[in-house]
Amino acid sequence: MQLREFALERFFAQHEFTAPHLLCTSDCESVSVADLLAHEEGAMERFMDLRLNYTEAPGGIELRQEIAGLYTSVGTDNILVSAGAEEAIFLCMNAMLSPGDEVVVPCPAYQSLHEVARGAGARVVPWMMHDDNGWRPDIEALKESVTPKTKAVVLNTPHNPTGSLMTREEFVAVRDIAEDANIHVFSDEVYRGLEYDPKDRLPPMADLYEKGISVGVMSKAMGLAGLRIGWTATEDADLLGKMAALKDYTTICASAPSEFLAALALRHRKAIVGRNLGIIRSNLALLDRFFADHADVLAWVRPRAGAIAFPHVLADEGAEAFCLDAIRKAGVLLLPSTKYDGYDDHHFRIGFARADMPASLTRFGEYLASR
């Protein structure tokens, strides 16, 4: 397998831990181990007594039971725990695709959603998204993209990086297209739970379709990226078995402390996600005023879910030059759209789910005023 350099991750490796103002983070505000354990009486004692043995390769039963509780038709045997969502993507694409297959992937998208498929020998067919129609999915374009060689359609909703959210009608339409073609739907649902209006929340694709694949993670809505726990949920037992066999060559099993803490967090997800949504809503109010005040330089489609958005840079210099200048002169880290497989050079990702976002936004405003 030959994989191209992961542009987004290489950019973060260079800047994330040196820039003082991180304004493009994709995760929510995290917590300490002590704060997490405080959610449950006796958790501290159980955690300190935990034996640091190997865990079950599919994930421990306690953790898989908590994950299965997020679904209606998926049980513990339909769950495979992974090292974050990244390993889930890697395992699934390699288990599902062969050289010569085709896979339809939204664009822009997190690079591994298309690069791992390409590395497995598949032809990636981009499903383009644009801000001039509010980042809405073009269902007719998807229909035209599916051919006899298509093996899967990839979804990511709520979407990284735009913050767009499919309607239920659009989501079901994708399921129907896939069902008619007898192909998989790989649904990246890592931001599920961060809908600003709970009535907009979509069902997991794994609950809607027997060849639906739902990927989740502790990193985003829960703000627990350091646990490195993700999962795949699907009723396709054959696919899950192939993924499990591949996992024997990657991580084999997860960390015992991470599994313990992830299961505990999932039991208290309402409180944890509710806190993060409070931070997001407060920060969105600041962003509404910010983009109104800087409409001569920036434009945005207000997101409907998640922790990020994808504003448009109106300046002639391009988004990459704009973002690099902001790092150099103000210490403000923004992610240019060129890191989304060269989507364009006119947008950047902004993140707003951390408690220190207001201070970073103030610094960004000072930078814009000084230009």
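**Backbone and helix packing**

Modeller: In this predicted model, Ile252 lies in the loop that links helix H10 (237-247) to helix H11 (256-267).

Biologist: Is Ile252 buried, exposed or partly exposed?

Modeller: The phi angle of Ile252 is positive, near 65°, although the residue is not glycine. Its relative accessible area is 44%. Buried requires under 20% and exposed over 50%, so Ile252 is partly exposed.

Biologist: Which residue is joined to Pro161 by a cis peptide bond?

Modeller: Pro161 belongs to the loop between E5 and H8, and Pro158 is also found in the loop between strand E5 (150-156) and helix H8 (168-181). For Pro158, the cis bond is with Thr157, at an omega of about -5°. For Pro161, omega is near 20° and the partner is Asn160.

Biologist: How are helices H13 and H14 oriented relative to each other, parallel or perpendicular?

Modeller: The axes of H13 (residues 319-330) and H14 (residues 357-370) are 11 Å apart and form an angle of about 105°. Angles of 65 to 115 degrees count as roughly perpendicular, so H13 is to H14 roughly perpendicular.

Biologist: How many residues of the contact of H13 with H14 are charged?

Modeller: Phe322, Asp325, Ala326, Lys329 and Ala330 of H13 meet Arg363, Phe364, Tyr367 and Leu368 of H14. Six of the contact residues are nonpolar and none is polar, while the number charged is three.

Key: Residues are numbered from 1 along each chain as its sequence is written. This is a predicted model: local features need pLDDT of at least 70, side-chain atom pairs count only at pLDDT 80 or more; totals for chains, interfaces and linings use all residues. Side-chain values use heavy atoms; hydrogens and water are left out. Axes are lines fitted to C-alpha atoms, for helices over the stretch in contact, and angles run from 0 to 180 degrees between N-to-C directions. Helices (H or I, at least four residues) and strands (E, at least two) are DSSP runs, numbered from the N terminus. Angles under 35 degrees count as roughly parallel, over 145 as roughly antiparallel, 65 to 115 as roughly perpendicular and the rest as oblique. Contact means heavy atoms within 4.5 Å. Ala, Val, Leu, Ile, Met, Phe, Trp, Tyr, Cys and Pro count as nonpolar, Asp, Glu, Lys and Arg as charged, and the others, Gly among them, as polar. Buried means under 20% relative accessible area, exposed over 50%, partly exposed in between (1.4 Å probe, protein chains only).
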